[in-house]
Amino acid sequence: MANFYTDNEDIQFILNNMNVAELADLMEGDYSDAKKFDFAPADAQEAVENYKLVLKTLGELCGDFVAPRSEAMDHEGNTLNDDGKVTRPKGMYEILDMLSKAEVMGMTLPHRFGGLNFPCLILSAANEMVSRGDASLMNIFGLQGIAETINAFASEEIKQQYLPDLATGKTTGAMVLTEPDAGSDLQACKVKAFQDDDGNWYLHGVKRFITNGCGEVHLVMARSEADRAGGLGLSLFVCDMGPTVHIRRIEDKMGIHASPTCEIFYDNTPCLLIGERQRGLVTYVMALMNGARIGIAAQSLGIGEAAYRIARNYASSREQFGGPIEKLPAVRDLVIDMKIEVEESRALLYETSRVVDFEIGYEKIVESKTLSSEKTKEIKQKLRMIKRYASMLTPMSKYVASEMSNSVAYDSIQVLGGSGFMRDYACERLYRDARITSIYEGTSQLQVVAAVRGVNNGTATKYISELASFEYDANLKDLLDILAANTKTMDDCVEYVKDKGIDYMDLYGRKLVDIAVKTIIGYLFCQHASGKIDMEVAVDDKGKKTSMKARKAKIARRYITRNNPNIKAWADTIKAGCTSSFDSYNEIAGAVPDLS
Amino acid sequence: MAYNCVVLIKQVPDTKRITGQAMNEDGTVNRAALPAIFNPEDLNALEMALQIKDTCGGKVTAVAMGLPAASDVLREALFRGADDAVLVTDRRCAASDTLATSYILSCAVKKLKADIVLCGRQAIDGDTAQVGPQLAEKLGITQITYVEEIKELKDDEISVKRNTGNGWQQVKTKLPVLLTVIDEANTPRVAGAKMLMKNKKARTPAELEGDAGKIKELEQKGLLIKQWDLDFLEADMQWCGRDGSPTKVHRIQSVVLAAKGTKQIEATQDGLNDMIHELIVDHTIG
């Protein structure tokens, strides 16, 4: 009997100490849905109770039903049949059926379409647990963002047509963006969208690397303006899986085997336009991608959590040199660094999700036009800042969590040694599954490019000043002083880089972002260590317990004091002015090797 | 065709989590030391009923007999998709053995006019597997025990696969029928989010300690779990509680199983005969 919610004290502690009721108010407005839907909450307290009840049920499903099927699904993979249909692994059908019965496939959709109207924060916690059960599953469960995009931008008619079935899990979706020549550079998309004389739209062309491309609902980005290159020639469409949609191959991948990755040929497929022409990439896909990035951050976190647990369990039970290997300094250090890395990603992901919920909530308020003009103006002003925070924190979160899942899965195998290299333990699967997280939905390098803009334009400084104004416990004073100094270091680096041009900024983007990220998360750990609602957590299996707040204070101390010298070193590197990557690339890299 | 399914569920102590405090000094179960759970095979019975509803339509009603605390398992049934729930509770039910229990439950099931009655094969506390079959007798309907799968359900005819321990039988009968379901039958679904959100406040009158205002409020919201006593069931008291229970507990022994060495038995007919004789003499069997 495993429950991935109740066995994870960190998730519970963070959620207990976040103002989730405030998010419920944003999602539910005046709670008038309670009169129309017998399951909708009547007030914030009930909404929060609902979130926790549903997470607990999903936690049980992930622990008891999903995780035990993961290994077999990894071995079995997906099959492309002669008739062009894809057969999923047996366990995946069982899990999707169970998730549908659990009524969690439309977590963030409005009640009126059969959704639960939950905030993004709760979806992130759900995605994390689902991924801990099976990373591939999250690629289907987490594609709820497709429904969200339809809900945010499509006409009422399209919403009515697609959302109820997506919410019940009767249909699943695919986000169809990538093409053979358009990966990270989506502006280069070539798939054509054209109209017949009656104005009906059709799609023609090939898309590649499409996750869950065998899903029933496809959200496809295509070039609707034949004469217009770049992003402004692209629009977003929705179409059904049908006789004109041909799955040409499914990829043979390193990991996430249970998630089918398809190449699709659209042969004059009838489709419907989402929203307005030409806003496909610039508005809709950007929003879709931001949601997906948070989803991948949660997926990474789930993989990291699973990998950590295997390592800790092994380190405590494997005996060498007369005792468990976790008595050895090198192993001890590795294990608690893994644990802190996991909690670091969770701290940032949950905070990012909270900010995104404010963005969504404020947008809803502004659009509803129910407030006085003065109040609307005030919200609009706040929204401008929140949007800047969200667009900086989202890539940061994806970058930090996906890099974490790779390093924690790597270290998990390291702790298990030779055994970890064998297929007998799940850490080798987690290692393979983790590898894609820092690639898809934008590589880490692209996340850094997106995040570094926020660091350089003052957003990070402003956001950190908000974090610094939190009421922290007195025992953290010396740590807060270090964080204030780290912020100053970040500002100095930004000042230095400004004069050096955009290429230089991107060259040192990762280090700039790392400084910002470590400072931000340092503050978040201090917030957790100052939480109002403490809980007791087990220290060993003999009943010894400690306070979670005290534990978080220890983590904050280790994290901040250990990062401080690193931050100084990164700053020194940034300010050293080395441009050899530009000046001496060919000399250092040498001739292009011939691989033939 | 839609079917009216009634599922009998029991709240039981979680015997998988036995600790040193699990038994009282008098040999009875210390219920306080063990968490109370939904009897596992009753979950399989509920799942089978929900699957019938998913494919054929109809209604699923969960019935539990016990103390007001048993309302927990009824709520759990509502979370998983039961349409209605009934708690049969009455002080006069105390000390009922399986015969009295099946009589009382038969009074409740009669009121519900079931097409198909489903029970778990047995409860993990008593392990008798008697209530289901006895209930069918009291109701005067066909019973099929150890059901693993419903092969076909059409009009008023049902065909099921039952596990006989060393093979399977396929049995066909007319409705109404009582099925006892085994854990191999299915994997019970978890709670549905919306049903959880809706029914989390469902209560029995007993849980509300008779607060008329609250009872009315929940009734209006459709969140009052039905609660029936023996008067409502028009039960004959001579068949209920201690009076209706022929089972007499002679003695309770606290048995501590400990290995006391091994004995090799010759793999011959004589060897087997000797062993059986020995087991009969020390009352292990027979």
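**How the helices and chains meet**

In this predicted model, the axes of helix 3 (residues 98-112) of chain B and helix 4 (residues 131-139) of chain B come within 8 Å and cross at roughly 55°.

Q: Which residues make the contact of helix 3 of chain B with helix 4 of chain B?
A: On helix 3 of chain B, they include B:Thr98, B:Leu99, B:Tyr103, B:Leu105 and B:Val109. Helix 4 of chain B brings B:Val131, B:Gln134, B:Leu135, B:Lys138 and B:Leu139.

Q: What makes up this contact by residue class: how many are nonpolar, polar and charged?
A: The contact divides into seven nonpolar, five polar and two charged residues. B:Tyr103 is among the contact residues, and Tyr counts as nonpolar.

Now to the meeting of the two chains.

Q: How many residues does the contact take from chain A and from chain B?
A: It takes 14 from chain A and 10 from chain B. On the side of chain A that touches chain B, helix 4 (44-76) and helix 5 (90-101) each supply at least two residues. The largest share, six residues, comes from helix 4 of chain A. By class, this side of chain A divides into eight nonpolar, two polar and four charged residues.

Definitions and conventions:
Residues are numbered from 1 along each chain as its sequence is written. Chains are lettered from A and ligands numbered from 1 in the order in which they are written. This is a predicted model: local features need pLDDT of at least 70, side-chain atom pairs count only at pLDDT 80 or more; totals for chains, interfaces and linings use all residues. Two residues are in contact if their C-beta atoms, placed from the backbone, lie within 7 Å. Helices (H or I, at least four residues) and strands (E, at least two) are DSSP runs, numbered from the N terminus. Axes are lines fitted to C-alpha atoms, for helices over the stretch in contact, and angles run from 0 to 180 degrees between N-to-C directions.
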